[in-house]
Amino acid sequence: KSDLLGIEIEVEQAANFIATTNLAGIFYIKEDGSLRNTGVEIISGAMPASLMIPALGWLYKLINKQRSPLDFSWRTSIHIHQNVRNLTESEFMKFVLLYLLFEKDLFIYCDVKRREGVFCVPLMECDTFLEAFFLEFKRASRLKERNLDFGSLLKRWDKYAALGAFRLKDLGTLEFRHMPGTNDLKKVIGWICLIDRLFQAS
């Protein structure tokens with residue numbers, strides 16, 4: 001399987017960071033209108049987890065060297081994009097089923113308070129999606145078909161679901177939205193490892 005990942009790290013108070021930091025083409029910076037105080041997203045290219053971890057170590061060293069500290073406020077979050085473009089239909093369904101099984105534990109690892117907001121809705125609480133997902137799963141299993149009706153699923157997939165499919169069509173990724181903004185590198189690396197293991201198990 002292709003284990004490519006991408007990461008989006010939201011921060012505020014980033015004016016000095018933008019002006020003084022060379023991200024060497026590994027990451028790039030994008031303005032984010034939902035944030036305040038020169039809030040931006042620091043976005044990576046696609047890379048395997050084995051490269052993402054040292055890349056993040058390098059990035060967080062740059063962040064921590066700033067004379068004007070970046071602010072991981074309550075408005076910020078960290079999103080992981082997992083490439084699923086090369087999964088078969090059955091692997092994709094299995095990946096989502098495994099996610100649903102462990103969703104509560106994933107929130108516990110990141111921050112249980114994240115599930116209370118409107119921008120990280122637990123997939124298990126998205127009733128219209130769940131109904132469509134399990135109906136499609138039963139139909140495909142009964143008819144032994146491999147062609148899933150992704151269009152029908154995507155129409156019912158909440159844009160701000162904790163496991164988001166908003167970028168599935170253009171980037172071919174599912175987005176893990178659980179992690180709040182944090183300067184805790186070890187926690188972010190642990191989160192990447194959890195997602196990678198979930199992906200490999202599918």
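Q: In this predicted model, which side chain of opposite charge is nearest to Glu8, which is buried yet has no salt bridge?
A: A salt bridge needs a side-chain nitrogen of Lys or Arg within 4 Å of a carboxyl oxygen of Asp or Glu. Glu8 has no such partner, as the nearest side chain of opposite charge is 5.1 Å away. That side chain belongs to Arg167.

Q: Which side chain joins Glu8 in a polar contact of 3.0 Å?
A: Glu8 sits in strand β1, residues 4-11. Beyond its neighbours within four places in sequence, Glu8 is in contact with residues including Glu41, His79 and His81. The polar contact of 3.0 Å is with the side chain of His81.

Q: Which side chain forms a salt bridge with Arg167?
A: Arg167 is partly exposed, at 27% relative accessible area. The salt bridge has an N to O distance of 2.7 Å.

Q: Which element gives the most residues to the lining of the largest pocket?
A: The largest pocket holds about 1,200 Å³ of space. Its lining has 45 residues, and among the closest to the centre are Glu175 and Arg177. Those two are buried and meet in a salt bridge of 3.5 Å, N to O. The element that gives the most, with 6 residues, is β1.

Definitions and conventions:
Residues are numbered from 1 along each chain as its sequence is written. This is a predicted model: local features need pLDDT of at least 70, side-chain atom pairs count only at pLDDT 80 or more; totals for chains, interfaces and linings use all residues. Side-chain values use heavy atoms; hydrogens and water are left out. Helices (H or I, at least four residues) and strands (E, at least two) are DSSP runs, numbered from the N terminus. Buried means under 20% relative accessible area, exposed over 50%, partly exposed in between (1.4 Å probe, protein chains only). Lys and Arg count as positive and Asp and Glu as negative; His and the chain ends are not counted. A polar contact is a pair of N or O atoms within 3.5 Å; within protein, one must be able to donate a hydrogen and the other to accept it, and residues adjacent in sequence count only if both atoms are side-chain atoms. Contact means heavy atoms within 4.5 Å. On a 1 Å grid over the protein atoms alone, a cavity is a set of points where a 1.4 Å probe fits but cannot get out, and a pocket is an open set with protein on both sides within 12 Å along at least five of seven lines; lining residues have an atom within 4 Å of a point. Grid points are joined across faces, edges and corners, and a volume is the space filled by probe spheres set on the points.
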